[in-house]
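Hello,

Here is the structure I promised to send over. Have a look at it first, and then read on for what turned up.

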Amino acid sequence: MDHPQPSLFDEVAKAAIPIIDTFNSQGLANAVNAFAKMDHQHPLLFEVAKRSIPIIDTFNSQNLASTVNAFAKMDHQHPMLFDGVAKAAIPIINTFNAQELANTVNAFAKMDHNHPMLFDEVANAAIPIIGAFTSQNLANTVNTFAKMDHQHPMLCDEVAKAAIPIIGTFNSQELANLVSAITRMRQDSESCHAVYSTIAETIKADHHYLNEATDIQLSAIAYAFLKGGHVDDELLKLIGIEVSVRGAELSLGMQEWGNLAAAFKNYKSPVADKVFELLFRSFLEQVDKSDERLLESIADVYRAVLTGEHFNDVPPDFLLKLTELAMEYSSQARMEDVRDILLGATRVDIRGDPLQRELYTAYRPLFERYRKDISPKISDSIDETYEHLGLS
């Protein structure tokens, strides 16, 4: 019975802290889980961690998984406790059930606590019992490995194999997490490729998946199919229709708009036109100058709108502001950003325009720095523009 009673929890904590050293592993795990379930922040969490570390070897699989899961749910950082849990979990990893394995790595990922050995052991323990994983377990597990950029081809393949027969049990969030994770894991296996077609057919057969998806999930699904090399025009059309229906109510950040732009850039239709109309209206309103990935989002949109099928639809004021932002935040530039921004600008028919010259001048040192990592074909195209501008 979920019935929040803050004063009661405060009194329980007050009574528990002086005798915390008498708590065993089960008592500690139960206490922190109760507080997490009620989302009740309290210094008791520090005391639980302090007491748990010396006796962590007495925790069973359920205690270990539920403890880190509770700390993650409360967004309560405690690296020493997480290291202790990992150390205690590895020798008994084969006693973990599917839910405990999924919860453990999910907690480590949520707290951005990298522990490669634990992730490898979780993968090895998960594979033999993958058939016991629910849709949520499968989606969360592979999504966690992708988030931590922990490549494990066999686990990815086994998750794909297990997911396909039960794909109808996945909800919208789980589908989005699954296909995004498979894409980020970059596994070139028959089963992983089959996930895309299975998810596409599932969504196309039942539109409630898109109706119930969040705005961010719509963007994630569209982008995952693009990056995974499995563009499905019918699916893209359905996503575009859903985006168009939501219209001004859409709540997307710059990165999600960038992903949508990339997904729809080569898809010319009334639906795609509407998506870009919304992007031109909304993207610049989302500028967050504190975002460390701001230029990445700008570059994604720059390349999408200037090298795709919607080049002639770009409002001049939008392009002007986008170019100004690209120059203002050039210090954030990665190789991909430099490539995408300069490649996009090669198509702008404003050679000799002061702003374009200013952009190419500002990016020249960056281009030379990353030239060796950019494909020769794209480099040649950029060099040609420098020549036309008299900047070679």
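Let me begin with a pair of helices. Helix 4 and helix 5 are roughly antiparallel to each other, because any angle over 145 degrees counts as that, while under 35 is roughly parallel, 65 to 115 roughly perpendicular and the rest oblique. The two, residues 61-73 and residues 79-89, pack at about 160° with their axes 10 Å apart. Axes here are lines fitted to C-alpha atoms over the stretch in contact, and angles run from 0 to 180 degrees between N-to-C directions. Helices are DSSP runs of H or I with at least four residues, strands are runs of E with at least two, and both are numbered from the N terminus.

Helix 4 crosses helix 5 in a left-handed way, meaning that the near helix is turned anticlockwise from the far one by less than a right angle (clockwise would be right-handed). On the helix 4 side the contact is made by Leu 64, Thr 67, Val 68 and Phe 71, and on the helix 5 side by Leu 81, Phe 82, Val 85, Ala 88 and Ala 89; contact means heavy atoms within 4.5 Å. Eight of these residues are nonpolar, one is polar and none is charged. Ala, Val, Leu, Ile, Met, Phe, Trp, Tyr, Cys and Pro count as nonpolar, Asp, Glu, Lys and Arg as charged, and the others, Gly among them, as polar.

A few words on how to read all this. This is a predicted model, in which local features need pLDDT of at least 70 and side-chain atom pairs count only at pLDDT 80 or more, while totals for chains, interfaces and linings use all residues. Residues are numbered from 1 along each chain as its sequence is written, and side-chain values use heavy atoms, with hydrogens and water left out.

Now the chain as a whole. The protein chain has 21 helices and zero strands. Of its 392 residues, 54% are buried (under 20% relative accessible area; exposed is over 50%, partly exposed is in between, with a 1.4 Å probe and protein chains only). Among contacts between residues at least 6 apart in sequence, 79% join residues at least 24 apart.

Ser 172, Gln 173, Ala 176, Val 179, Ser 180 and Thr 183 of helix 10 meet Gln 217, Ala 220, Ile 221, Ala 224, Phe 225 and Lys 227 of helix 13. That contact divides into six nonpolar residues, five polar and one charged.

Finally, some single residues. Asp 337 lies in helix 19 (residues 335-346) and is buried, at a relative accessible area of 2%. Leaving out residues up to four places away in sequence, Asp 337 touches Leu 295, Glu 296, Ala 299 and Gln 332. By contrast, Asp 112 is exposed at 60%, in the loop between helix 6 (98-110) and helix 7 (116-126). Phi of Asp 112 is near 55°, a positive value in a residue other than glycine. Asp 149, in the loop between helix 8 (135-147) and helix 9 (153-163), also has a positive phi near 55°.

Best wishes
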